[in-house]
Amino acid sequence: MKFIPVFLFAFLLEANANAQIFKKHIIEPPSPLDSIKISENFVGEYLDSVYNFLSYRYGLKIIYDTSYCSTIPFYYWFLETSASRAIEITTRETDLSYQIDSTLTIYVKAKHFHNIRRKRPVSLASKTDQVGEKDPKINFSLSGHAFDDSTNETLSGVYISIKNTSLGTTTNADGSYILMNVPSDTVTLLVSYMGYVQNEVPLNSKINRHEFNIGLQPDPHMLKEAIVIGNRADIMNMSANTISTIKLTPSKLAEIPNVGEKDVMRTFQLMPGISAANESSSGLYVRGGTPDQNLVLYDGFTVYQVDHLYGFFSAFNANAVKEVDLYKGGFSAKYGGRLSSITDISGKEGSTKQFNLGGDLSLLSANLFTEIPVTENLSVVAAARRSWNGPIYNWIFNSFNHNTGSQSSNSGGRPGGANNVVKAKSYFYDINTRVTFKPTKKDVFTYSFFNGSDDLNNSFKIETPSFLANMGISLNFGTTDVTTYSNTGMSTIWQREWTKKLRSNTSLSYSNFESDRKRLTTGSVSRSGSDTTSSETGIFEHNNLKDVSLRSDYDWDIAQWNHISFGIFATQYDINYTYSHSDTDLLVDNHHNSLLAGGYLQDQFIFFRNKLTITPGARLSYFEATQQQYIEPRLALNYNITKHISFKSAYGKFYQFANRITRDDISVGSSQFWVLSDKSTVPVSSSIHYIAGLSYETPNFLFGVEGYYKLLSDISLYTEKSSATTSSINYNQDFYVGKGYSKGIEFTAQKKMGKFTGWVSYTLAKTMYQFDVYSAGYFPADQDVRNEFKIVSMYKMHHWDFAITWIYASGRPYTAPGGSYSVKLLDGTTENYVTVTSKNTLRLPDYHRMDVAVNYHFYNEAKKDIGYIGLSLFNVYARENVWYKQYTVVDNYVVSTNVNYLGFTPNLTLSLKIR
């Protein structure tokens, strides 16, 4: 009998359970929440972030206490779990309970709260929007602009996120942003941008959701201009799906040592994957590419020559530049026309608050800039600089003057040397102007103008080497080598915000590059007891490139997880190149013009709470000169494995229609000129990129590795092959087409925060070309540098900045002559010729140098930086790095001269501004 009560009790429990099942499934129909199946893995995320994500991803309406839920970590793997069951699981073993009302709104509350409807500290959405109107949506969108609070200049690349969630976005080129699915008008925004103080911005019910502008204050204690940018937007203020990207804000570039002045392009050369061994060029050799394979855009127009003063200065005045984005490879479908990389430069808008005037004065150049706030909606920025022949200017050319070299001959070589006395002089100037007009909150009009010019004179006289003087031979040779070139560019840009989710950027631009070179060698050779032999040789080159471009780009934020970019473009090219000997023998007369037009489409998808970003895209071009269409597929992928570890990869095909061709000449040095691709002489070149990388990043440190492989097709070269007889010379000059590849791996370790910052990088790379004119096999390209190691260290202490950089690079390849011969022409003059060895079988000595910079900053009463005085020491231990070898034929002897880079070179700079 004692078992009857137990049996009866068990029976009643079972009956009650069956009754509940009957009530739930028969009397009460299944809840619509049961049809929502959730498959997600949460590992240690706080409940407020979990509820945010479930609301955003599955459309649930959840109201909860943020302050309480943000303290409860949650671990669970949902696999096809119903929404109602998932909410129940989140409240297990907590002081939480939940209710679901007739509108399917889920209320999660602490058990000590009596009525969550009456007391709701934080909800997923407010029933009242920012302007007091009823908002039927639970989640709302927040939009506006981010700007520099001291100047009112908009800032692109600012990362705005919701605190304790994975929701975030990045401002566009015009500084605008849209943050969708904001859970509440009482959450806090985290705003971060390199070089500015990180800001926490709390929302409230009175904010204007449609124009919530955020001002940022510059951080005087951070290096604003030289941070390696990774692919995590929440830390580095860049889009989460970008790869091989470096962002630069050039407000205090003087903290990096340099021979000239603060320099955008020179700073990029300190980054991994960008060669720093080409001291004579500000152009970027990116991952085995040449400077012409790097598209340089300045406010929408193309800059075709980026050097000043033999490359010691870049063409860009840092006082006129707002920010720079460099894409080392695998760039998006928005960009095209180059094989290797993209450098996108934005000029300063100028302050609309206060007038500003400033300048820099160094031992090499003078620089002046101004910012004029005409009205609240109109601002003007102007900057100008010019070199001047100060003591360091002369020091640079003395470094070119005193070059001694050894000689070789067709009989095996003899001891001795030749002294080349170089009488070099040069100057450059550039001017920048930008006008920004904002007639409405939705429209921005910009006009930008740039002009820069160089006049280079590298003439020299050859003195008689000792071994020839001992043989009774006297030389009287001189070379006139004068080059002038100029860049002119202008653009008009209209930026329009059609809706909060759709923006456009339309530009009309013009660009012109023109260069002239004259290199004429005249002289005589006198022998004891014999006649004097005279000779005269020379080359004359002229290159003129014009392009007029129209393009319109659109960005459409369809949803928080989907962003579409598309656009159209058209460029009219007109390029002329002539090359002649002795001002009469015209060897090349290349003049082409053609239309390039097309469009692109790119779609960015974000999955799994911003963990996975996939960006497919395509670019279609039509080139009138070849009457063909060119399709360029693009694909980028970024996966955040953990909070700190991310994997990224990219693939893409790229075409180049305007090419800078190398004219191969070992006697006077190779030179380059621009030509337009056509059907016969110079084909359209192409490349394919394969890139993958892994990075580990914290707020203080970044460790990254990235590998790449590039295939190059239809690259062109111009070389002069000649055969001679005693009566005439028959030339066989031609353009040759080849192929190549470049591969490498880059390692980076960076310290980003604190008084001591900097990075260490190592690049192992290989770039090989194949041209049938040289051989059937591959040979090292001129820019092939196998190893590069860089150290950049910076320390800030009160008013003082200290920086040290050290660069090591293995030697570049070169081709040497094997011998020489001369031909007597009908007019009695003699023409000398050399025979050459195999292409690039020799290498120059390894390159290395150390630079040091010390700056003392001046601050006004408001603690704002208004200038500095800086000392820069270039090549501190005076390493004699060889630039190239120059060869001259004298009496059938080949005289070799080492042309070296700069030795130890100090520079002093004073920089001041009103504000």
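Me: How many aromatic pairs does the count come to?
Reply: The count comes to 40 aromatic pairs. Keep in mind that this is a predicted model.

Me: Take Tyr 577 and Phe 673. How are the rings arranged?
Reply: The pair is stacked, because the planes are at 5° and the centres 3.6 Å apart.

Me: Where in the chain do they sit?
Reply: Tyr 577 is in strand E30 and Phe 673 in strand E36.

Me: Buried or exposed?
Reply: Tyr 577 and Phe 673 are both buried.

Me: And Trp 800 with Tyr 856?
Reply: That pair is edge-to-face, since the ring planes are at 65°, with centres 4.9 Å apart. Trp 800 belongs to strand E43 and Tyr 856 to strand E48. Trp 800 is partly exposed at 37% relative accessible area. Tyr 856 is also partly exposed, at 28%.

Me: Which rings link into a cluster?
Reply: Tyr 577, Tyr 579, Phe 673, Tyr 718 and Phe 735 are linked by ring pairs.

Me: What sits over the ring of Phe 569?
Reply: The charged end of Arg 619, 4.0 Å from the ring centre. Arg 496 lies over the face of Trp 498, at 4.8 Å from the centre.

Me: Switching to strands. What does E42 pair with?
Reply: E42 runs antiparallel to E40, with 9 bridges. E42 also pairs with E43 in the antiparallel sense, over 10 bridges.

Me: Which residue has a positive phi in the E42 and E43 hairpin?
Reply: His 798, near 55°. That hairpin has 2 residues between the strands.

Definitions and conventions:
Residues numbered from 1 in each chain as written. Predicted model: local features only at pLDDT ≥ 70, side-chain atom pairs only at ≥ 80, totals over all residues. Heavy atoms only, no water. Pairing = 2+ DSSP bridges. Helix = DSSP H or I, 4+ residues; strand = E, 2+ residues; numbered from the N terminus. Phe/Tyr/Trp six-rings, centres within 6.5 Å; stacked < 30°, edge-to-face > 60°. Buried < 20%, exposed > 50% of the residue type's maximum accessible area, 1.4 Å probe, protein only. Lys NZ or Arg CZ within 6 Å of the ring centre and 35° of its normal.
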